[in-house]
Amino acid sequence: MKTLIIETANPKIVGELVAVGRLFSATPDIVVLGPGELSGSYGAAYRVADTLGANIGSALAELIRKEGYELILLSATAIGAGIAGPLAVCLGAPILSEVTGIGTDLSIERSLYGSKAVANYKLEAGPLVLTIKRKYFEAAVLEGSATTIDLPVGPQRITLLEEIEEERQGVPLEDAEVIVTGGRGIGAAENFAILKEMAGLVNGAVGASRGAVDEGWMPPGAQIGQTGKIVAPSVYFAVGVSGASQHLAGISNAKCVVAINKDNEANIYKRARFGIVGDYKKVVPALIKALKENA
Ligand SMILES: Cc1cc2nc3c(=O)[nH]c(=O)nc-3n(C[C@H](O)[C@H](O)[C@H](O)COP(=O)(O)OP(=O)(O)OC[C@H]3O[C@@H](n4cnc5c(N)ncnc54)[C@H](O)[C@@H]3O)c2cc1C
């Protein structure tokens with residue numbers, strides 16, 4: 001089955017998409033979005049330099065029609081989801097988002113309603129656009145690097161004036177093995193310093209609930225949940241987070257959730273393997289002390 005991956009040059013995400021693509025094609029083709037060295041080997045590798053261009057959907061659709069791709073794989077990230085919708089419209093093709101399982105017989109599983117339900121589908125005929133949820137497929141090892149051919153996107157009718165790259169420090173949330181997330185219970189922007197200190201001791205990343213982001217204490221890029229990032233760390237500390245369903249949707253694949261909340265009836269305890277009921281201002285310094293003693 002002719003398969004096309006569309007993704008940035010991020011080797012971890014591409015590795016996951018290649019793992020899915022290889023179920024249907026020994027060497028799937030790829031369109032890499034933006035700059036960066038592309039790892040792995042592909043049947044054909046194209047590059048679209050301007051990922052925010054207004055014509056990207058129609059340029060990709062033209063390639064897909066010309067080459068006869070039947071399966072189009074993107075990641076269920078902001079970039080993948082942003083392109084998948086317009087692309088499906090340009091192609092007049094069905095789209096399934098947040099895919100968590102796929103069989104060689106094209107049976108497809110995806111999560112719904114912020115991971116509260118699972119739906120199963122069977123594809124009869126392509127082309128089909130899929131966005132693949134991160135961390136559900138073990139990334140394929142990508143050996144070597146691929147040469148790409150520029151894919152023309154045609155004259156733009158909209159000019160991009162400015163692109164500001166999000167500031168990033170430390171491990172990206174999507175790749176972190178340990179995440180320390182603060183919610184509205186943290187009380188102030190400066191109080192996140194203690195969570196950053198704790199995360200730093202375990203090479204972890206700091207996340208935020210929407211409550212904390214709405215308060216302006218953390219940037220939107222740190223938000224975890226249905227309308228934020230989907231994460232899958234080994235250990236997830238939820239500090240001063242109530243555990244609303246929209247937040248839990250972002251951590252459905254976290255292995256061990258540790259909740260620290262002063263309300264022993266907070267919903268987060270239903271998802272947590274370990275719970276510490278108390279004021280985080282007392283609990284977190286004690287955890288930091290223990291981590292330092294055991295370092
Ligand atoms: C369409 C939609 C999409 C959404 N998407 C998201 C999303 O992606 N991510 C997300 O997080 N939310 C999302 N939300 C919002 C969500 O419903 C909740 O409002 C939000 O998660 C609440 O954030 P919070 O838990 O930090 O705050 P709160 O609900 O205010 O909870 C704060 C918690 O802190 C505890 N606390 C207070 N002080 C302390 C202390 N000193 N020590 C310990 N604990 C303390 C309290 O007991 C409480 O449980 C979405 C909502 C909608 C409608």
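This is a predicted model: local features need pLDDT of at least 70, side-chain atom pairs count only at pLDDT 80 or more; totals for chains, interfaces and linings use all residues.
Visitor: Start with the open sheet. What is the strand order?
Guide: S11-S10-S12-S13-S14, five strands with parallel pairing. Strands (E, at least two residues) and helices (H or I, at least four) are DSSP runs, numbered from the N terminus. Two strands pair if DSSP finds at least two bridges between them.

Visitor: Which strands stand at the edges?
Guide: S11 and S14 (274-277). Each has a single partner strand, so one side of each is left without a neighbour in the sheet. On average, neighbouring strands are turned by 20° against each other, direction ignored.

Visitor: How many bridges join S10 to S11?
Guide: There are 4, between parallel strands. Ile 179 stands opposite Ala 205 in S11. The chain goes from S10 through helix H4 (residues 192-201) to S11, a right-handed β-α-β crossover. Right-handed means that, with the strands pointing away from the viewer, the path from the first strand over the helix to the second runs clockwise.

Visitor: Where does H4 lie?
Guide: Across S10, S11 and S12, at about 175° to S10. Axes are lines fitted to C-alpha atoms, for helices over the stretch in contact, and angles run from 0 to 180 degrees between N-to-C directions.

Visitor: And H8, which strands does it lie across?
Guide: S12, S13 and S14, running at about 135° to S13. S12 (residues 235-239) and S13 are parallel and joined by 5 bridges. There, Tyr 236 has Val 257 in S13 as its bridge partner.

Visitor: Now Val 180. Is that buried or exposed?
Guide: Val 180 counts as buried because it has 29 C-beta neighbours inside 10 Å. The cut-offs: buried is 20 or more other C-beta atoms within 10 Å of a residue's own, exposed is 12 or fewer, partly exposed is in between, with C-beta atoms placed from the backbone.

Visitor: What is Val 180 in contact with?
Guide: Neighbours within four places in sequence aside, its contacts are Leu 195, Met 198, Ala 199, Gly 204, Val 206, Phe 237 and Val 239. Contact means C-beta atoms, placed from the backbone, within 7 Å.

Visitor: Switching to H1. Why is it largely enclosed?
Guide: Of its 11 residues (11-21), 8 are buried, so the rest of the structure largely encloses it. Those buried residues pack against S1 (3-8), S4 (71-75), S5 (95-102) and S8 (128-132).

Visitor: Which way do the S8 residues point?
Guide: Leu 128, Leu 130 and Ile 132 point one way, Val 129 and Thr 131 the other, and all are buried. S4 runs parallel to S8, with 5 bridges. S5 also pairs with S8 in the parallel sense, over 3 bridges.

Notes
Residues are numbered from 1 along each chain as its sequence is written. Two residues are in contact if their C-beta atoms, placed from the backbone, lie within 7 Å.
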